[in-house]
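Here is a short report on selected local features of one protein model.

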Amino acid sequence: MRHLTFTLTLFAAFCCSNKTINAQETNTPPNIILILADDFGFGSLNCYGADHDILRTPYIDQIADKGMKFTNAYATASVCTPTRYSLLMGEYSWRSKLKHGVWGVESPLLPDPEKMTIADWFKDRGYNTACIGKWHLGYGKTGTLEEYTGTLKPGPLDLGFDYHFGVPQNHGDKMGVFIENDHIYGIRSDKINPYSRAFYGPQYYGFDAPQRKNIETMEDLTDKTIEWLSKQSRKTPVFLYFAPVAVHHPITPSNYMRGMSDSGPYGDFIQDLDWSVGRILQTLEYKGMLENSLVIFTSDNGGEIPGNKPTSPEIQAVEMGLKINGDFRGDKHTIWEGGTRIPLIVSWPGKVKEGAISDDVVSTMDIFATVADIIGGGLPADKAVASDSYSFYSSLVKQENRNLRTSLITIDAVGRQAIRMGDWKLIDNKYPESLPENRKGKKLEYELYNLAEDMAESKNLFVENQKIARKMITELEKLNKENSSR
């Protein structure tokens, strides 16, 4: 899978095409290409304000030029597992077994295979489905190392995906291997080297299988995605969930991209992500599939800025002028906007107006209901399916907000909740009951901000706005007691 040839014409057809073939004209439902970047902050694209002199993101920016950019889009959490769960299930992660934190390396499958996922929804409607990239939702019934040497069931194939090629948890995780469908990729035996951790360090589990190379992982995942797309027919629509590992640490830009940005290795890694997106879109164009494709680019949470690591690539990029999370307060793990406000871009030729910008409040969790509207029929009346997902279809095609979503809850790494209603954001004063005492920090206080006037969340308005605060506290408590918010 070692090839990376630069092509000057890459993505040119996507940028210049004037065709407007769509699902209604061809009677073929649109392909859905969902790209979920890792730890990718609001300010890390040129189209969201990143200085072109610092880094370049031409291919993702072209999605925005040919479609709609959202300025009030949110991940449901400031860490990855909860957002990835909500994306697939259309519901808040704290309605599952995961009340705080992220899923461990050795954890069983988190989503309930008996519940409908977004992939199930597509598969039931004749789509070919694939999940390629970072998973971080567990495998199997126990998640033990011994289970990994056999068949990993249940897993993504039991959640509606026809094909899966994934990084089990994180970029650089202890597993060190890829998962293909329901087995370790290329596994040779069920042996686990007992000396591997002592020799290679705790980051290595020692499965008897090909080991991932961090510097090559982005290319490997992109190659697998292109390989899968190349086998697809234009007569059958596809749902592709591509979850690249960039820009999660370790920051490992490819040899090809190293030194190409002007913001150090972190900027190079961002450009690697942009290059992968371009290669995928080029493949769709050559397959004749792009003009009937709805492409979504977004992120699982804000970018990480490790203040305790002054020599980290992220800090280096900040010192060189990159505003990873724009002008927002906080970063990954935190409850503030820098942890959960993310880029969200949608293109759909002939349907979404080119260069459009929407200020509507939307969530990655809402993608489920939105594509259900797009493909036809919408979500079922049964609120057990995508119980917290609201469609932003009208925002996309009519550029109007019907105010379907009147509130949105986000959480941080320890499960502390915040609720947004209109321009107001209230942060709760409680930790989850299930959070161990040793993970609780200082005593919390309510925080209330008017984001229209104070996007940096610099002035707590809780004391002087008790009426607004009490209304939001009541709504937060109500949503936590109910099984659905739609």
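Predicted model: local features only at pLDDT ≥ 70, side-chain atom pairs only at ≥ 80, totals over all residues.

Residues are numbered from 1 along each chain as its sequence is written, and side-chain values use heavy atoms, with hydrogens and water left out.

Helices (H or I, at least four residues) and strands (E, at least two) are DSSP runs, numbered from the N terminus. Buried means under 20% relative accessible area, exposed over 50%, and partly exposed in between (1.4 Å probe, protein chains only). Strand β12 covers residues 417-421; 5 of its 5 residues are buried, so the strand is largely enclosed by the rest of the structure. Both faces are covered. Gln417, Ile419 and Met421 lie on one side, with Ala418 and Arg420 on the other.

Two strands pair if DSSP finds at least two bridges between them. β12 pairs in the antiparallel sense with β11 (residues 408-411) over 4 bridges. It also pairs in the antiparallel sense with β13 (residues 424-427), over 4 bridges. The table gives a facing pair from each.

| Residue in β12 | Opposite residue | Strand of opposite residue |
| Ala418 | Ile427 | β13 (residues 424-427) |

Both connections are hairpins. Between β11 and β12 there are 5 residues, and Gly415 in the turn has a positive phi of about 90°. Between β12 and β13 there are 2 residues, and Gly422 takes a positive phi near 65°.

**Ser293**

Ser293 lies in strand β8 (residues 293-299). Its relative accessibility is 1%, so Ser293 counts as buried. Contact means heavy atoms within 4.5 Å. Not counting residues up to four places away in sequence, Ser293 touches Asn31, Ile33, Leu284, Ser347, Trp348 and Pro349.

A polar contact is a pair of N or O atoms within 3.5 Å; within protein, one must be able to donate a hydrogen and the other to accept it, and residues adjacent in sequence count only if both atoms are side-chain atoms. The side chains of Ser293 and Asn31 make such a contact at 3.2 Å. A polar side-chain atom of Ser293 also lies 2.7 Å from the backbone oxygen of Met289.

**Ser78**

Ser78 sits in the loop between β2 (67-74) and α4 (80-89). Ser78 is buried, with a relative accessible area of 0%. A polar atom of its side chain lies 3.0 Å from the backbone oxygen of Thr334. Beyond neighbours within four places in sequence, the contacts of Ser78 include Asn301, Lys332, Thr334 and Asp412.
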